[in-house]
Amino acid sequence: MASRLGARALVAGSSRLISGFSSEISPTLRKQSLSPLSLNVRPLSDFSPSISESNLKPSIFQPSVVIFDKDGTLVCFHTMWNSWCEELAKRMCDETATDMSTDVYELMGYDLETKKIRMGMLAEKTHPYIKEKVVEMLIKQGFSEWEAKNVLKKTWKDTPENMQIKMTGNLRSLFTRLQKKNIKIAICTSDSREGTEEFLERLSLSHLVDIVVCGDDAVSVAKPDPHNAIHICKELNIDLSEAIMVGDTPADTIMGQAANLGLTIGVLTGVGTHEDLTHADVIVNNVSEVVDLISPNADSKEFHSVTVTARGIFKIAERSSFSQTNTKTAIQNRV
């Protein structure tokens, strides 16, 4: 179940109202939609006396922290990791004098023909976990446990030899916008500390990020366990209901829901599809749209194409200011 939701209607929190969604339109009509310029020719109040007379408060959910996944959310997963998969397979083939490329690619979820990472081990699991599975794969190939661990030690590298970074948006600008609104920024990734710090340093983002939890940190528990999201909020002294999780895989969205965060947003820039991200409350195209929705500025579109999941609609109904309890109270007051 999915619905289209306007930017001004994207809200979460016990006393905030979400309204104004309409049913999903066809791809054909979507292609024929008006440009942002034509949408902004006249204000909505010119067309509706009701809007002009309305005294409703703005319904923008401004969280205290946004927790971002990294690969597939902030940077293109395929650009960064397809070469890493091929390099690992080559090193393992050379070390073992055995052609095990197919086994490595299957384990990692890598499609050599399309050079894409699909949903699977590399997309969702931490490096320590994957390394255990590599050892298990080698043992199944006939290697002893000692031999398998030795092969792993000689061939494994946490980061690609020539890391290619393709951002999914202007991250420095987006993070700065959030910072100006006093919204803290966290990164929760399955990637290694080494690779994550290199990413932040190369893009000059370190000073904009308040906290980072990586897959090989001692404090980390692999997604989708809610531990990391809860840990981040505790460290920042922020209530869980005032946090947003943004990610591209079920591991991200399930973590957000399991931690009972205020809002969980799926993005389509990584390996996850609409069908994969049903545990999100809403699904958007990219992180730029996420920031537009929660921290709009003069250049933000009035509306973005937002898919609301069945879970998201339930949350809207559950937390709406038009909840059954409030409605009953209002009726009693009128009487």
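1. A salt bridge is a side-chain nitrogen of Lys or Arg within 4 Å of a carboxyl oxygen of Asp or Glu. In this predicted model, Asp-292 and Arg-177 form such a pair, with their closest N and O atoms 3.0 Å apart. The structure as a whole holds 14 salt bridges, of which the following points take up some others.

2. A second pair of this kind is made by Asp-252 and Lys-223, whose closest N and O atoms are 2.6 Å apart. Here too distant parts of the chain are linked, for Asp-252 sits in helix α12 (residues 250-258), while Lys-223 lies in the loop between β7 (211-213) and α11 (227-236), and the two are 29 residues apart. Asp-252 is buried, as is Lys-223. The pair is also part of a network of salt bridges, in which Asp-69, Lys-223 and Asp-252 are linked.

3. Strand β8 (residues 243-247) is mostly covered, with five of its five residues buried. In a regular strand the side chains alternate between the two faces of the sheet. In β8, Ala-243, Met-245 and Gly-247 point one way, whereas Ile-244 and Val-246 point the other way, and all of them are buried.

4. Which strands pair with β8? Strand β3 (residues 65-68) pairs with β8 in the parallel sense over four bridges, and within this pairing the bridge partner of Val-65 is Ala-243. Strand β9 (residues 263-267) also runs parallel to β8 and is joined to it by four bridges, with Val-246 standing opposite Ile-265 in β9.

5. The model contains three cavities of 30 Å³ or more, and the largest cavity has a volume of about 140 Å³. Of the 18 residues that line the largest cavity, the closest to its centre are Asp-71, Phe-77, Leu-122, Ala-123 and Ser-190. The elements that give two or more residues to this lining are α4, α6 (121-124), α7 (127-140) and α12, and α6 gives the most, with three residues. By residue type, the lining of the largest cavity divides into six nonpolar, four polar and eight charged residues.

6. Helix α4 (residues 77-96) includes Thr-96. Thr-96 has a relative accessible area of 12%, and because buried means under 20%, Thr-96 counts as buried. Leaving aside its neighbours within four places in sequence, Thr-96 is in contact with Phe-143 and Val-151.

Notes: Residues numbered from 1 in each chain as written. Predicted model: local features only at pLDDT ≥ 70, side-chain atom pairs only at ≥ 80, totals over all residues. Heavy atoms only, no water. Buried < 20%, exposed > 50% of the residue type's maximum accessible area, 1.4 Å probe, protein only. Contact = heavy atoms within 4.5 Å. 1 Å grid on protein atoms, 1.4 Å probe; cavity = no way out; pocket = protein on both sides within 12 Å on 5 of 7 lines; lining within 4 Å. Points joined across faces, edges and corners; volume = space filled by probe spheres on them. Nonpolar A, V, L, I, M, F, W, Y, C, P; charged D, E, K, R; others polar. Pairing = 2+ DSSP bridges.
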